[in-house]
Amino acid sequence: MAERVHPARMPEKGIRLESPRLSTSSAEAVLPVLNPSPPVPATQVCSSRCRCLLCLGAFILFLAATAGILFLAVRPRVPRYSIDGVSISSFVLTGFTLSPVFSVTVVADNRRNKRVGIYYRDASDITAVYDGVLLCEGRWPEFYHPPRNETRFTTELTGSAIRLTAAMQEALTAAQTRRKVPMEVNVGVPVRIKLGAVTSWTFKVRVRCEVTVDGLTENTVVVDRRCHAKVKIFG
C-alpha cells in the first residue's frame with residue numbers, strides 16, 4: 001500500500017516568520033564595554049621624575065664622597081720623571097738635512113706612592129725638539145710601574161730627512177762649540193692607576209723636559225735637565 005505524502009503547510013496569510021532577537025540586556029551582556037583609563041595626573045609624573053633625579057644625585061654624591069675618602073687615605077702623587085742620559089748618532093748635516101738617532105735614558109720614580117701602581121699603556125710618544133723643529137720621535141714602553149719603585153729604561157728616537165735653515169744650522173754649530181746644546185724631550189703616555197684590586201680609567205700624563213747636553217755625539221753628557229709632569233684626567 002503506497003504511503004500518503006502530506007504537503008508542507010504554508011504559513012497563513014498575514015503571518016511572518018522572524019528570527020529570534022536578543023534583548024537589549026542580553027546584547028549588553030555579550031559585548032564587552034571598554035572603559036578608558038583615567039589620565040595620569042601631571043603631579044604624579046613630576047613626582048616620579050623627581051624621585052629618579054634625587055636617586056641619581058644621591059648616587060653621584062656617594063661616588064664623589066667615596067673618591068674623596070680614597071684620595072685622602074691614599075694621597076696619590078704624580079711620579080717624578082727625569083732624563084738621565086742621551087746618546088746621539090747619525091747626527092750629520094748634509095745640505096741642511098739630517099737623520100738623527102737618539103738613545104734616551106728615562107728615570108720614572110714612583111717611590112712617593114706607597115699603594116698606587118701605574119700601568120703605562122700603548123699609543124705613547126716621545127719626541128726630541130730643537131728650536132721648535134722636531135728632530136726625532138719614539139715610543140714609551142708599555143709596562144706596570146709598582147709603588148715604591150724607581151724604573152730606568154732606554155728608548156730609541158729616530159728622525160728622517162729633517163730640514164734645518166741656515167740660521168738654525170749656524171746656531172746649532174755655535175751651541176756645540178759652547179758645549180751647551182739646548183733641546184726639549186716631550187712625552188705623552190696613557191696610564192691607568194691601580195689601587196689594590198681597583199683600576200682606574202685611562203687618562204693622559206704629559207712630561208716636558210728641558211735638557212742641555214754638551215754635544216751631539218754618542219758620548220754626550222747631560223749637563224742640565226728640568227722635567228715637569230701634568231696629568232689630564234678627562235679627555
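These notes cover an aromatic cluster and a pair of strands in a predicted model.

1. **The pair to look at.** The model holds seven aromatic pairs. One of them joins Tyr 120 and Trp 140.

2. Tyr 120 belongs to strand E4 (residues 116–120). Trp 140 lies in the loop between strand E6 (133–138) and strand E7 (143–145). The two are 20 residues apart, so the pair links distant parts of the chain. Both Tyr 120 and Trp 140 are buried.

3. Ring pairs tie Tyr 120 and Trp 140 to Tyr 81, Phe 143 and Phe 153. Beyond its neighbours within four places in sequence, Tyr 120 also has contacts that include Pro 79, Ala 108, Glu 142, His 145 and Val 189.

4. **The core.** The largest nonpolar core has 41 residues. Tyr 120 and Trp 140 are among the members that touch the most others. Ile 83, Phe 91, Phe 102, Val 181 and Val 211 complete that group.

5. **Strand E8.** Phe 153, from the ring cluster, sits in strand E8 (residues 150–158). Side chains alternate along this strand. Thr 151, Phe 153, Thr 155 and Leu 157 point to one face and are buried.

6. **The partner of E8.** Strand E3 (residues 101–109) runs antiparallel to E8, joined by nine bridges. Glu 156 in E8 stands opposite Ser 103.

Notes
Residues are numbered from 1 along each chain as its sequence is written. This is a predicted model: local features need pLDDT of at least 70, side-chain atom pairs count only at pLDDT 80 or more; totals for chains, interfaces and linings use all residues. Side-chain values use heavy atoms; hydrogens and water are left out. Rings of Phe, Tyr and Trp (its six-membered ring) pair if their centres lie within 6.5 Å; planes under 30 degrees apart count as stacked, over 60 as edge-to-face and the rest as tilted. Helices (H or I, at least four residues) and strands (E, at least two) are DSSP runs, numbered from the N terminus. Buried means under 20% relative accessible area, exposed over 50%, partly exposed in between (1.4 Å probe, protein chains only). A nonpolar core is a set of buried Ala, Val, Leu, Ile, Met, Phe, Trp, Tyr and Cys residues joined through side-chain atoms within 4.5 Å. Contact means heavy atoms within 4.5 Å. Two strands pair if DSSP finds at least two bridges between them.
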